[in-house]
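Let's talk through a protein model together.

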Amino acid sequence: MAAPAMEYVQCFGRKKTAVAVTYYKRGRGLIKIYGCPIELIEPEILRFKAYEPILLLGRHRFAGVNMRIHVKGRGHYSQIYAIRQSIVDPRRYDRTLLVADPRHCEPKKFGGRGFEHCLASG
């Protein structure tokens, strides 16, 4: 007989171009980002920012769930904000943790000068 398939839930969070995907699975409360525990994120300021939803909602809510997180996109801060948005379950309380930030950088317009021109004129 084949073993039953593992059930998991997939949630995502976004900030600018960074996208974090969190896979929730029944377990012992482990939270890993690319296979590394969340407690080992460097620098420490960003670790607290990623850990914030867990501290606000309580560690006991995440005790029976393992989380595996993968992030793609640019920038450490954007990745951390995407992680903290993907950790929070949509049924929770704090709206700032749930709502994505709509701000993005505007692309270069065709026919215009590039970004390097702005740096060269000094």
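Q: What should I know about the model before reading the values?
A: This is a predicted model, where local features need pLDDT of at least 70 and side-chain atom pairs count only at pLDDT 80 or more, while totals for chains, interfaces and linings use all residues. Residues are numbered from 1 along each chain as its sequence is written, and side-chain values use heavy atoms, with hydrogens and water left out.

Q: What makes up the secondary structure of the protein chain?
A: There are four helices and five strands, in the order β-β-β-β-α-β-α-α-α along the sequence. Helices (H or I, at least four residues) and strands (E, at least two) are DSSP runs, numbered from the N terminus.

Q: What makes a set of residues a nonpolar core?
A: Its members must be buried Ala, Val, Leu, Ile, Met, Phe, Trp, Tyr or Cys residues joined through side-chain atoms within 4.5 Å. The largest such core here has 21 residues, and Ile38, Ile54, Ile69, Ile83 and Ile87 touch the most other members. Strands E2 (18–26), E3 (31–33) and E5 (65–72) and helices H1 (44–57) and H2 (76–87) each supply at least two residues of this core; the largest share, five residues, comes from H1.

Q: Which residues is Ile83 in contact with, leaving aside neighbours within four places in sequence?
A: Ile83 contacts Ala20, Ile33, Ala50, Ile69 and Val71, contact meaning heavy atoms within 4.5 Å.

Q: Why is H1 called roughly parallel to H2?
A: The two helices pack at an angle of about 15°, with axes 8 Å apart. Axes are lines fitted to C-alpha atoms, for helices over the stretch in contact, and angles run from 0 to 180 degrees between N-to-C directions. Angles under 35 degrees count as roughly parallel, over 145 as roughly antiparallel, 65 to 115 as roughly perpendicular and the rest as oblique, so H1 is roughly parallel to H2.

Q: Why does Leu30 count as partly exposed?
A: Buried means under 20% relative accessible area, exposed over 50%, and partly exposed in between (1.4 Å probe, protein chains only). Leu30 has 34% relative accessibility, so it counts as partly exposed. This residue lies in the loop between E2 and E3.

Q: Where is Leu30 relative to Met67?
A: They are 37 residues apart in sequence and 6.2 Å apart in space, C-alpha to C-alpha. Not counting residues up to four places away in sequence, Leu30 touches Val65, Asn66 and Met67.
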